[in-house]
Each structure stands twice: as structure tokens, then as C-alpha cells.
Amino acid sequence: MATTEQPTEENAAVTISTEQALTEGKERKKVKLSKEKKKKMKKKKKKAKAKVRLAELMRDDDDERGKHKQNALNVPKRSRVGERKSIIGMLRQGLIVHSDPDDGAATDDHSGHSKRAQNTGSDNDGNADGEGAGVIHEGHNIQVAVRVRPVNQKEVDIEHRLLFRTEFDMDDKEYDYFLQQRQLLMQQYSDNMDGFKALSVDAVCEWLDNIKLEGYKKRFRRRKVNGEWLHQFPAFNEKKPLEMEENAIIAFTKGNQSKRFKMDTVLKPSTTQNEAFEALGVPLIENIIRGYNCTVFAFGQTGTGKTHTMFGWHQEQEAEAEPEPEPETETETETESKEEEKEEGGFEEIVFSEIVLTKNKAPTKTFLINKEVDGLIPRIISDLFTQLNKDRDIRFFNISCGFIEIYQERLRDLIRPRLKIQLRYVGMGSELINLSWHDINCYNDMAKLIETSKRNRVTASTLQNETSSRSHCIIQVRIEVTLADGTNQCNKLSFGDLAGSEKVTKTGASGQRLSEAKKIVKSLFAIKKVIRALSEKKAFVPYQDSVLTKLLRDSLGGNSLTLIICTISPHAYNREETLSTLRFAEMAKKIKNEAIVNRMISRKEMETQINGLREQLQYFRKQKENQRRNRFTSTDFRVLQSQLMESSKKAEEYTQKYLQSEIQLLIKTQYIQELETLLNQKNIQIQYLKQQFHALKLAQLNIDEIDIDKYDVRPTEDGDDDDDPDADHYNDHDD
């Protein structure tokens with residue numbers, strides 16, 4: 001028995017010892033892991049402190065450098081222009097550089113251009129939060145303005161119909177009959193309207209008995225309907241669908257839920273055309289003169305005043321010149337009668353009128369600006385001409401425009417409709433091929449083109465609008481300006497009067513109007529998809545879905561300062577369309593455009609930018625020295641060193657390119673000087689020969705005495721230019 005117990009005790013002792021060893025090993029591992037964690041935490045803290053310290057140093061240096069650093073960082077790479085590689089050829093042909101408003105400021109010698117650049121810089125600083133009506137700056141969101149039109153007569157009639165339906169339980173047929181009888185009663189009192197207003201409640205009830213509507217007498221008595229009530233129906237006391245603030249609109253849904261939409265500008269129903277221009281048009285003109293591409297287009301429900309906001313209507317006044325002969329006036333009346341008698345449907349059956357340009361012929365009409373009537377397009381064009389003519393910094397300017405119509409997803413020239421227009425992409429923008437461009441010298445020229453485009457544009461009457469636009473109208477204006485210091489800028493101004501979104505149940509469209517409405521809704525839905533994709537910053541933006549989005553590609557997310565004017569109705573009848581337009585405006589406000597000043601850089605500005613690059617190089621060298629003095633971890637030091645090496649390489653490349661261009665310039669100047677000296681010597685030789693020949697004519701000397709080679713400078717006898725190595729170097733560079 002003793003032999004069997006001994007191994008069991010030994011085995012127990014071994015198991016206890018192994019368990020103790022395992023527990024001790026686990027504890028040691030825990031201690032090691034805790035130590036490693038503490039070391040890692042210390043390293044992370046050191047890295048964080050080093051990054052914070054580096055950021056503080058960078059901020060301090062940025063504050064010291066200021067604008068010089070921004071100028072240096074924003075200089076783009078030069079591209080080869082033409083066949084010549086020299087700096088002279090590049091300057092002659094123009095080196096296009098897109099610069100910021102702060103970077104584009106010229107030296108103190110060019111006072112006008114520097115003031116314009118300083119103004120842009122101050123606006124960028126002052127309106128960084130997006131405040132202000134219509135003013136848009138580089139890298140800023142699209143500006144959205146909402147204009148609320150007054151309640152029209154159709155909405156008032158609907159409100160009155162709803163009033164009689166809720167208060168008196170009157171159906172539509174009886175209400176129409178009631179209105180007819182009311183009209184007849186008012187005609188009886190046409191000579192004495194005060195007597196009609198003085199009718200009592202009993203007299204109104206007797207009148208109801210006479211027109212066989214005695215079933216509503218109790219309700220009329222309860223409502224106390226008298227003559228004054230019948231003369232002008234009161235407003236229906238229902239909760240308003242909208243509440244307007246200075247920069248916001250509060251919309252109420254049917255379930256009494258409210259939502260606040262923030263906008264840049266809100267134009268109330270009482271806003272006049274002049275106030276709308278002061279709020280939206282004046283800042284736009286300033287941005288146009290600075291050299292930005294600008295776009296303004298109206299979006300909203302049909303019948304909410306888009307065309308009224310953009311165009312208004314023209315007040316025409318005949319000139320004092322002699323009237324035209326009778327045959328020409330007859331042709332105009334014939335074309336107008338043909339346009340009135342044209343059939344619905346038929347893309348090819350539309351009759352167009354074209355402008356007939358004749359020389360040595362006085363204009364028959366002058367178009368005058370009426371501040372309370374004209375819309376944004378006439379006012380902006382007229383004010384643009386006055387501003388350009390008054391600006392002393394502008395030496396020369398040229399303005400040309402083209403009118404495009406998008407009817408059923410087809411492009412058409414509104415001035416010359418027979419031309420076939422094609423659309424193609426150029427970079428991030430688009431270009432119209434075969435579009436007729438017309439030079440305009442004053443507002444009167446633009447007004448004639450607008451009048452012709454209005455006659456050629458497709459319009460029709462619907463239940464919501466008597467003259468409803470059945471197509472989108474886009475006006476593109478090209479502005480070329482030459483400043484006093486020689487710099488050129490060429491920018492583009494685009495206006496858009498889009499057709500309104502509509503419901504077939506409200507407009508009553510059928511046949512050709514129904515097919516037009518389908519195309520209009522399709523294009524507007526494509527714009528909404530593009531704006532939703534841009535606001536959500538998606539990788540793919542569906543510009544290809546519509547011709548309108550292709551044409552406005554540069555205005556939505558590209559090189560343009562875009563202003564969208566959303567027109568809405570304040571009535572509850574159009575509540576759904578109003579909410580849809582406000583949601584569209586809220587999405588569009590999130591889009592950022594990359595607007596740049598479109599101008600040609602001068603040589604002095606290029607030199608200032610190169611000096612900025614040199615200062616940037618010195619800045620990075622100082623940063624390198626500061627990094628060596630400060631104590632950082634090896635990983636931080638490697639990251640910073642790689643960044644500094646990349647920046648220093650770029651700066652050295654720019655300086656080498658600049659030095660090469662300067663060397664080429666010096667060689668060429670030296671070669672030109674040599675040519676000048678050679679020409680001077682040739683002139684001296686010619687003068688000498690003239691004197692000798694004159695003396696020969698007078699027989700004062702013989703032919704043998706004339707030295708033709710005197711004052712002559714020639715190369716070596718072999719005809720090689722070995723003595724002039726600079727010339728070979730110059731020729732090599734030219735090749």
C-alpha cells in the first residue's frame with residue numbers, strides 16, 4: 001500500500017507547482033502589458049503635444065506672413081502658350097492665370113486694378129458667413145433668394161369658393177349660379193353703389209327667395225350677410241401657410257407642423273421691381289465688373305412671377321424720327337396675325353420673326369427704363385453699360401449676347417430660329433456651336449433683341465397663367481474688358497427664365513400642352529437631381545439627364561457666382577408646390593461653386609508672385625531650422641521632413657524656371673543690342689557711300705579712290721558665326 005500512495009502525492013505536488021508557475025507567468029504578462037500600454041500612452045501624449053506645438057508655430061508664422069503666403073501658395077503652374085518657349089512669347093500671347101481676388105491685386109502703380117482687387121478681398125472677409133443679398137464670393141455657397149408674389153384673382157376666387165363651401169355648405173353649381181345673380185344685382189345698382197352696400201340682412205334674404213336659394217337664408221342670417229358683405233367677400237379665416245422674416249420663411253403644413261427655411265434674401269409680396277433690383281442686381285453688377293462669371297435664373301411654380309421678375313415688361317416710346325413707310329408696318333402686322341392664328345402642336349409650324357439689321361437707318365423705337373416695371377435683365381444690362389462707361393480704369397469693353405430656347409429638350413436660337421445649335425462640353429463648362437452672337441452697344445440694342453426673343457418664344461394660356469412659358473429661355477452675355485494697365489478680362493453672364501413646374505389637374509393641360517408639360521417637368525426634375533447630388537457631395541453628378549443641366553453645368557458647381565431666385569405663392573391652394581420649391585432652395589444653398597477672376601495676368605503681377613514663391617521658400621527653410629531645434633519623435637520628424645522636401649522641391653523648380661526665362665531674356669536682349677549696333681554701322685556705311693557717290697558725280701574724285709569696305713562689319717571669310725556663340729545659343733533656344 002505504501003508503494004501505491006507515494007506516486008499520488010508526487011503527482012499532486014507537481015500539479016500544484018505547475019499551477020503556481022502558470023499564475024505567476026500570467027501576472028508577469030499582465031505587468032508587461034500594462035507597462036507597454038503606459039509607454040504607448042506616453043508616446044501618444046508626446047505626439048499630440050508636438051502636433052499642437054507645431055500647429056501653434058505654423059499659426060504664428062501665418063499671421064506674420066499674411067497675404068504673401070497666400071499669394072505664393074495659390075500661384076498655378078504656367079502652361080506652354082504657342083510654339084515659342086521664351087518669356088517674351090508667353091507675355092505677348094498672354095499667360096492666363098486664374099487668381100483669387102486677393103492674389104490678383106496689382107502693384108501700387110496700377111491703382112484702379114488694385115482697388116478692385118482690394119474690394120474683393122474686403123468682401124471676402126466681411127461676408128464670410130454668407131450674409132448679404134446677392135453677394136457671392138469665391139468658394140462660397142450658391143446664393144438663394146425667395147420672392148413671394150401677391151395673391152392673384154384666381155386664388156381669391158378659390159378662397160371665396162372655399163368660404164361658401166365651409167360656412168354655407170354651398171356646392172359649386174349653386175355657387176356659380178349665386179355669383180351670376182350677384183353680378184346682375186350689382187348691375188342694377190351700378191348708378192348707386194352706396195345703395196347696394198346699404199342693403200340689410202332682411203333685404204338679402206328676400207333676394208335669396210327671389211333667386212330660389214331660400215335654403216341658405218338661415219345661414220346668411222347667422223353670418224349677418226348684408227350689402228357690404230356681398231360687395232366684397234371677407235377673407236377666409238384659415239391659418240396662413242407662410243410667415244416671412246428677413247432671411248427666412250416659416251412654412252406650415254396641413255398638420256399644423258412648421259418648418260423654417262433659411263434663405264439669403266426674402267422679397268415680400270409688397271416688394272417692388274426697383275427694390276428687387278437694389279437687393280439682387282446691384283451686387284451682381286459689382287461682381288461682373290470684377291471679372292467673375294455670374295449666373296441668375298428663376299425657378300418656381302408656373303404663374304408665380306418668374307418672367308415678371310426676370311424681364312418685367314417694356315415701356316416703349318416712339319422716337320421723334322420720321323415713321324417708316326406703310327409696307328413695312330403691314331408686314332409687321334401680318335407676322336403678328338400669323339403668330340396669333342398659329343395652331344397648337346407642331347414644332348415646325350411656329351412662325352418666327354427675325355431682326356432686320358439695316359445700315360444708315362434711324363431706329364423707330366426707343367426703349368426707356370422704368371424702375372417700377374422692368375425686371376432684372378433690363379436693369380442689369382442698362383446699369384452695366386453705365387458702370388462700364390463711368391469707370392476710368394477701363395480702357396475698352398465689348399459686350400455680345402446670344403438667346404437660347406430649350407423647347408421639348410431641343411435647342412433653338414431665339415433670334416435666328418433656323419440655325420441648328422449643337423452643345424458640346426469644354427472642361428467643366430459647355431459651349432454652343434452655331435449660336436448667333438450679337439454685339440450690343442447700349443441698352444436699346446439689348447431691348448430690341450429681348451423683344452424679338454419674346455415674340456419667338458413659345459407661350460400658351462393655361463388655367464393658372466394666361467401667358468405661360470412653355471420653354472426655358474437662356475440668355476448668355478460675353479463681356480470683354482481691357483483695363484488701363486493693359487490686363488484683359490473676359491467673363492460670362494447668364495440669365496435663365498425657366499418654365500414653371502405645374503400640375504396637370506390645376507393647369508388643365510391636354511394635347512400639345514400636355515407633352516410640353518412632360519418635358520418641362522422632366523428637365524426641372526433633372527435640375528433637382530443635380531442639385532441633390534451636389535449638396536450631398538456625391539461622386540457622380542447626373543448632368544447628362546437633360547439639355548438644361550448640360551447648359552447650366554458651369555453654373556452649378558463650377559466657375560460661376562450663381563444666384564437662384566425661387567418664386568412662390570403665399571396661398572394655401574399652392575401649399576404643396578410652395579413647399580417643394582422651398583426644399584429645392586434649401587438644397588441649392590448647400591452647393592459651393594469655385595468662382596475665379598477671369599483675367600490675363602501682366603508681367604509685373606507675375607514678378608510679384610515669383611517674389612512670393614521666394615518668400616515661401618525662406619519660410620519653409622526657417623520651419624526646417626525650427627524643427628531641428630525642437631524635440632520631436634522620429635516619426636513626426638520624418639513626416640515633417642518629407643513635407644518640407646516636397647515644398648522646397650516645388651519652390652526650387654519654380655525658381656529654376658524663372659532663372660531660365662531670365663537667362664533667355666538676357667540673351668535675347670544682348671542679341672538685339674548687337675543687331676542695333678550692326679544696323680547703326682550699316683547706316684554709317686550708307687551715309688559714307690552716298691557722300692562718295694555725290695563727289696563722284698561732281699567729278700571731285702575717281703572710282704578707284706572709293707573704299708566700299710570702309711565702315712563695314714562682316715563675319716569671317718568662311719561665313720561661319722563661330723565668333724558669336726551667343727547667336728548660336730539664341731538660335732538653339734528659338735528652335
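Colleague: At roughly what angle do the axes of helix α17 and helix α19 cross?

Modeller: An axis is a line fitted to C-alpha atoms, for helices over the stretch in contact, and angles run from 0 to 180 degrees between N-to-C directions. Helices are DSSP runs (H or I, at least four residues), numbered from the N terminus. In this predicted model, the axes of α17 (residues 512-535) and α19 (residues 575-588) come within 9 Å and cross at roughly 40°. The two helices are therefore oblique to each other; angles under 35 degrees count as roughly parallel, over 145 as roughly antiparallel, 65 to 115 as roughly perpendicular and the rest as oblique.

Colleague: Is the crossing of α17 and α19 left-handed or right-handed?

Modeller: A crossing is left-handed if the near helix is turned anticlockwise from the far one by less than a right angle, and right-handed if clockwise. The crossing of α17 and α19 is left-handed. On the α17 side the contact (heavy atoms within 4.5 Å) involves I527, K528, I531, R532 and S535, and on the α19 side S580, F584, M587 and A588.

Colleague: Where does A526 lie, and is A526 buried or exposed?

Modeller: A526 lies in helix α17. Buried means under 20% relative accessible area, exposed over 50%, and partly exposed in between (1.4 Å probe, protein chains only). A526 has 2% relative accessibility and so counts as buried. Leaving aside neighbours within four places in sequence, A526 is in contact with D545, S546 and T549. The C-alpha atoms of A526 and L548 are separated by 8.3 Å, although these residues are 22 apart along the chain.

Colleague: How many disulfides does the structure hold?

Modeller: A disulfide is a pair of cysteine sulfur atoms within 2.5 Å. The structure holds zero disulfides. C205 is buried at 1% relative accessibility, and C566 is buried with a relative accessible area of 1%.

Colleague: How are residues numbered, and what pLDDT do local features need?

Modeller: Residues are numbered from 1 along each chain as its sequence is written, and side-chain values use heavy atoms, with hydrogens and water left out. Local features need pLDDT of at least 70, side-chain atom pairs count only at pLDDT 80 or more, and totals for chains, interfaces and linings use all residues.
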